[in-house]
Amino acid sequence: MPRHRDQRISARFRPSLDGAKLPLEPRLLLSRMTPQLRIAQLREARLERLQAQKVAVTSGTKHAPPITPRSGVDSDGVPQSPKPYVQTGVVSSGRGAAMIDVDGEFYVAHMSGGGTVRAKSAPDGRVDLTVYGSRPNSVLSIDPETPTRGQNDAHQFAAGTAYQDGLLHVRNITVVNGKISQIVGYRTADVSGAITVRGQNIPQPSVSRIAFYALRPGASIDVVGDLDTLDIIDTIALDGGPGIRVSRDLNWFNTGSSVILVNGASIQVGRDIGLVAQAAKGTGPAGQGGLIPGDLIIGNASTITVGRFVDAPIIVQGSSLGIANVPANVAAAISVLGVRA
């Protein structure tokens, strides 16, 4: 005998053990599932499991899974890093690459102006980025993303933030067809591998801007044609490898600290340094030639070479070491405000 319709349980509620009516679990189309929301859901589920374990252990429940302290966890038992490697994914049909680094920070590499980008995990918590189908006006930018906070999480301290360094550690960036305008991770990423832009960048063989927080030992830049602006916030520290190689003109480069070239790492410009003055791009400064607020250190096996002219001076506000390792035409264009050696 069917029940009266007034006795039916509303489809919007489901009964719980104590008789209370709770809302059904929310559904979400997979097509609308963003990386931020997925990270928040996984984090919330992990926190709920850990809290249940704590309650079970405190109340003395039998067979409760113990919480054992491990390296890489904070006081709440939440891992500082989700994985010992960078987790990668695809967004916007390949026009973006989502990444969660070993600090638990979330980044997205975006392509604008055409092209796709793929991210692949690399050793030592780094990531490789490969750009396909880009155009002369394409821009690759690396931006941080804030994961969506979970429900009832507004008054909880964000676990793991004390261990985050605010940087995505990039190994290699390869532009397959050599066509791109900008590669930008100015305040969000450092590089310890090769940035390669080789090929026919038609109609104008130039890269407008390459900008990163720092170039670490092992980093190199290889650009066919012109590189108009090289912006580095921290240090250019090149140890081994080809260093910075530009086939034609390097119009403007600047760093927030020192430039260190050792073990064969060099700056090689095929034609001119400082041929054309550059306007400010993004939050980087305008200028022409070179500006080094710190020191310039050039090892015995390293050098700075220019195929034609240094049209604007390279200003070193600190001291220099190893100027004798560069050709005379370049040494004459290096202005050192501190001790010159």
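The points below cover confidence, the cavity and ring contacts.

1. This is a predicted model, in which local features need pLDDT of at least 70, side-chain atom pairs count only at pLDDT 80 or more, and totals for chains, interfaces and linings use all residues. Residues are numbered from 1 along each chain as its sequence is written, and side-chain values use heavy atoms, without hydrogens and water.

2. The protein chain has a mean pLDDT (the predictor's confidence in each residue, from 0 to 100) of 82, with 72% of its residues at 70 or more. Residues 8–31 fall below 50, with 18 contacts (heavy atoms within 4.5 Å) beyond near neighbours in sequence. Residues 61–81 are also below 50, and that stretch has 37 such contacts. Where pLDDT is low, the predicted coordinates should not be read in detail.

3. Phe253, Val259, Ile267, Ile292, Leu296, Ile304, Ile314 and Ile334 line the largest cavity. This lining comprises 8 nonpolar residues, no polar and no charged.

4. The charged end of Arg209 sits over the ring of Tyr186, 4.9 Å from its centre (the criterion is CZ of Arg or NZ of Lys within 6 Å of the ring centre and within 35 degrees of the ring normal).

Technical notes:
On a 1 Å grid over the protein atoms alone, a cavity is a set of points where a 1.4 Å probe fits but cannot get out, and a pocket is an open set with protein on both sides within 12 Å along at least five of seven lines; lining residues have an atom within 4 Å of a point. Ala, Val, Leu, Ile, Met, Phe, Trp, Tyr, Cys and Pro count as nonpolar, Asp, Glu, Lys and Arg as charged, and the others, Gly among them, as polar.
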